[in-house]
Amino acid sequence: MSVVSPIREHLVTGGKTYHDVTEDICRHVEAKPTKEWKIAFAISVLVLMYGGGWVLWTWWEGLGVWGLNKTVGWAWDITNFVWWVGIGHAGTLISAILLLFRQKWRTSINRAAEAMTIFAVLCAASFILMHMGRPWLAYWALPLPNTFGSLWVNFNSPLVWDVFAISTYFSVSCLFWFIGLIPDLATIRDRATGVRKTIYGALSLGWTGGAKTWARYEDVSLILAGLSTPLVLSVHTIVSFDFATSVIPGWHTTIFPPYFVAGAIFSGFAMVQNLMLVTRVVYKLEDYITLEHISLMNKIITLTGSIVGVAYITEFFIAAYSGVEYEKYAFINRATGPLWWSYFGMMFCNVMSPQVFWFKKLRENIVVSFVIAVVVNIGMWFERFVIIVTSLHRDYIPSSWTYFTPRMGDIGDYIFSFGFFFTCFFLFSKFLPVINMAEVKSVLKSSSEKKSNH
Amino acid sequence: MTDKKYIVGIFNDEDVVMDAVQKIRSKGIKIHEVFCPYPVHGLDHALGYERPRMGVPAFLFGITGTCLAFLLTFWTLGIDWPMNIGGKNFFPFPTNIPIVFELTVLLAAFGMSFTFFFMEGLGPSVKPIIFDIRSTDDKFAMAIDLNKNTVSDSDIKAFLSEFGAEEVNIKEV
């Protein structure tokens, strides 16, 4: 049997019964969309359409619509890709790693975090397609026989590893998310009528919740968590290999895999924090996503922010210690060269700003949590920009040194990914339960505030 | 299908239902199944089910993935179309580990999950037999198949009420 530490705060407040949990969470799925939802959704779709126009233009016109030049041949496209993939990692971390660690507080946030993972990975994948330039040849990245036009892919290439890692990660995340949804879809099915009953009935696969099914289900979830944990670590490790296996000073560092994984968790938690802070207010779920949850998330943000801080400093030490002048220059240029502002932005947003969470008052303050989470995501975007662009823009030949300025193509494609992400998230929050009802019910008895306390 | 008759006991609390399962079984009554809104730990053990072993399909599918990925990389780059990449071996094993690992995880996860769907008879066109519609909301429903028990109906009903069922219904399927 599980033991709950007496010093833990209640995970569910307001003296909820099992039926209250069902009601509170199904309400948003069953009711007509609210005005706020319609407005927010409409804005997302407009952003998606505007950005989508730029994506089509990028495909039509070619990569010339971006600000790339012959020295900086990789900039916002790959920055955005790494940024989105990193954000995606929080979902798997919350649902898989926290499940293995038996952290009960994951139950209120895992569903939305997993959904966010899927949408973020799709956004990341869209940048892969975009920066191929000719997306209709995307199948060249797959191991197809030579008769399809290309040779077999080079399995020694980290870009091919990326294809396998991202597509496996996306499929396994979808599966994990869907398996988690089945019992809740059955709950909605049993409350619904008409067409909705048919749709949710098909999606819930005829779930009845028998004890034997639940026992196997729990076993499946545990093993999926065990499989997803090394998977999520491998994905960002492989993403970091895109850089680490190259011979560019500033990129080929062995610290990249752990440093990228920590950064991914960091930015992902910040994004989950943002989404949950909005969702809990809009859907009135303050009893499920409590200040305790927000505070725990902030603790992880501070921890991972400090880990990336240590990584930034280690990189400088290793560059100095390596004795290679190009390596040293890459790092000095990073902090003091013409793109110093991006380095400063990264250090300030990622390392310094989360330190405010050492104070309990600030850690439990909703506005501060929201602002810091936004700042952290800006900082993590800068981190990738710093790694990619500052390492490239001054190469071995000073005559080819340049500066990078984004053009509207870069910005428009980035806007597209936001439109896509939020459109998907709003659709999810309308048609599927944003909190895992079955899991919340399973911790209700041990970790909820009792009615008599009031 | 109309000849199957079940007695369904409705419980309010996981501890009560757990206790009732043990007592009902000690009376020699066979329980068809207990339906719960969330996983109750230990209930499968109390009902006498074997420990689930989903790790077996996961391992088998995983090892299949490992072999397939190894064959794919080895055959394509080592045999079918060897390419000289930076003067390395035609089949440098370490650089293929990411592919082998990803395909192992992919096949293990999907293989195990679909085995689970198959074992539990779950699928998009399945019409489930629902003993009590509240069992996906807040109640625990214990279904007892009357055809498979020798104890009389009224005795089973009495036992269920005695062991904490707040309602006892008859369900014909």
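1. Ground rules. This is a predicted model, where local features need pLDDT of at least 70, side-chain atom pairs count only at pLDDT 80 or more, and totals for chains, interfaces and linings use all residues. Residues are numbered from 1 along each chain as its sequence is written, chains are lettered from A and ligands numbered from 1 in the order written, and side-chain values use heavy atoms, leaving out hydrogens and water.

2. The interface. On contact (heavy atoms within 4.5 Å), 62 residues of chain B touch 56 residues of chain A. The two chains bury about 5300 Å² between them, 70% of it on carbon and sulfur atoms; buried area is the accessible area (1.4 Å probe) lost on putting two parts together, summed over both. Tyr38(B), Glu102(B) and Thr136(B) supply 12% of what chain B buries against chain A, more than any other three residues.

3. Polar links across it. The rule finds 20 residue pairs in polar contact between the chains, both residues at pLDDT 80 or more. Polar contact here is a pair of N or O atoms within 3.5 Å; within protein, one must be able to donate a hydrogen and the other to accept it, and residues adjacent in sequence count only if both atoms are side-chain atoms. There is one salt bridge across the interface (a side-chain nitrogen of Lys or Arg within 4 Å of a carboxyl oxygen of Asp or Glu). Arg216(A) and Glu120(B) meet in a salt bridge at 2.5 Å, N to O.

4. Tyr38(B) again. This residue forms a tilted aromatic pair with Tyr18(A), at 5.3 Å centre to centre and 50 degrees between the planes. The rule pairs rings of Phe, Tyr and Trp (its six-membered ring) with centres within 6.5 Å; planes under 30 degrees apart are stacked, over 60 edge-to-face and the rest tilted. Tyr18(A) is in helix H1 (residues 18-30) of chain A, while Tyr38(B) sits in the loop between S2 and H2 of chain B. Helices (H or I, at least four residues) and strands (E, at least two) are DSSP runs, numbered from the N terminus.

5. Within chain A. Glu23(A) and Arg191(A) form a salt bridge at 3.1 Å, N to O. Glu23(A) lies in helix H1 and Arg191(A) in helix H5 (residues 158-191), so the pair ties together parts 168 residues apart in sequence.
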